[in-house]
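Hi,

Here is the structure I said I would pass on. Have a look at it first, then read on for what turned up.

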Amino acid sequence: MATLPADVAGSVSTAINADAERFFTLLEAAESESAAAGDLLVLVDKRHPIPAEYEPDDLVLITEYGLSASRDSLLLRQAIIPALLEMDAAAKSEGIELLFSSAYRSYDYQATLFERYRAQYGEQEASRFSARPGTSQHQLGTAMDFGSIDDSFAATEAGLWLGRNAGTYGFS
């Protein structure tokens, strides 16, 4: 809780306290699932980088599972594919197509991406919207982007659908 922003910590604490038994049951299940799948619960952000050599050993091409992608080379962890397929099917049942536009990024790819943004926008602006290498959740192989990779996606039908439903399938 100490690492959460103050405006979030209070609501999280309230939610946990409202049904602590359910929270700990869900936490235990998440830890079990994470351990079985090769450690899915890794904290990665600006203060918690992962090593350059970190690469999940169960990366798969998402197009092999019938998921729509902007490129045939998008990789994600095998462990999350069942939840993605379920989410994709639910979206399709409501007439929504989820187009994956970004997925796993290696340390080196993220370094190239950040450097391109730094050269184009300057260090401070690039740091505002792009992760430095080793600090991108994409390196975990469990983070993905949909549609256009900018704020305009949030207002699309797919973006609104994901906002309402992604948590049901374990995504945020």
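Below are my notes, going from the whole chain down to single residues.

A word on the ground rules: this is a predicted model, so local features need pLDDT of at least 70, side-chain atom pairs count only at pLDDT 80 or more, and totals for chains, interfaces and linings use all residues. Residues are numbered from 1 along each chain as its sequence is written, and side-chain values use heavy atoms, with hydrogens and water left out.

**Overall**

The protein chain has 6 helices and 5 strands, and from the N terminus the order is α-α-β-β-β-α-β-α-α-β-α. Helices (H or I, at least four residues) and strands (E, at least two) are DSSP runs, numbered from the N terminus. Along the principal axes, the C-alpha atoms fill a box of roughly 50 × 40 × 35 Å.

Of the 172 residues, 33% count as buried; buried means under 20% relative accessible area, exposed over 50%, and partly exposed in between (1.4 Å probe, protein chains only). Among contacts (heavy atoms within 4.5 Å) with a separation of 6 or more, 61% are between residues 24 or more positions apart.

Three strands make an open sheet in the order 2-4-5, with mixed pairing. Two strands pair if DSSP finds at least two bridges between them. Strand 2 (68–69) and strand 5 are the edges, each pairing on one side only. Strand 4 (residues 99–102) runs antiparallel to strand 5, over 2 bridges, and S102 has D145 in strand 5 as its bridge partner.

D145 also has a side-chain polar contact of 3.2 Å with R105. A polar contact is a pair of N or O atoms within 3.5 Å; within protein, one must be able to donate a hydrogen and the other to accept it, and residues adjacent in sequence count only if both atoms are side-chain atoms. Leaving out residues up to four places away in sequence, D145 touches L99, F100, S101, S102, R105 and H138. R132, 13 residues from D145 in sequence, is 17 Å away, C-alpha to C-alpha.

**A buried glutamine**

Q139 sits in the loop between helix 5 and strand 5 (145–146), and with 2% relative accessibility it counts as buried. A polar atom of the Q139 side chain lies 3.0 Å from the backbone oxygen of P51. Beyond four places in sequence, the residues Q139 touches include I50, Y54, Y104 and G134.

**Aromatic pairs**

The whole structure holds 6 aromatic pairs. Rings of Phe, Tyr and Trp (its six-membered ring) pair if their centres lie within 6.5 Å; planes under 30 degrees apart count as stacked, over 60 as edge-to-face and the rest as tilted. F23 and F24 are edge-to-face because their planes are at 75°, with ring centres 5.0 Å apart. F23 is partly exposed at 30% relative accessible area.

Y117 and F129 have ring centres 5.0 Å apart and planes at 70°, so they are edge-to-face. Y117 is in helix 4 (residues 107–121) and F129 in helix 5 (residues 123–129), so this pair ties together parts 12 residues apart in sequence. Both are partly exposed: Y117 at 23% and F129 at 38%. Ring pairs also link F100, F146 and F153 into a cluster.

Cheers
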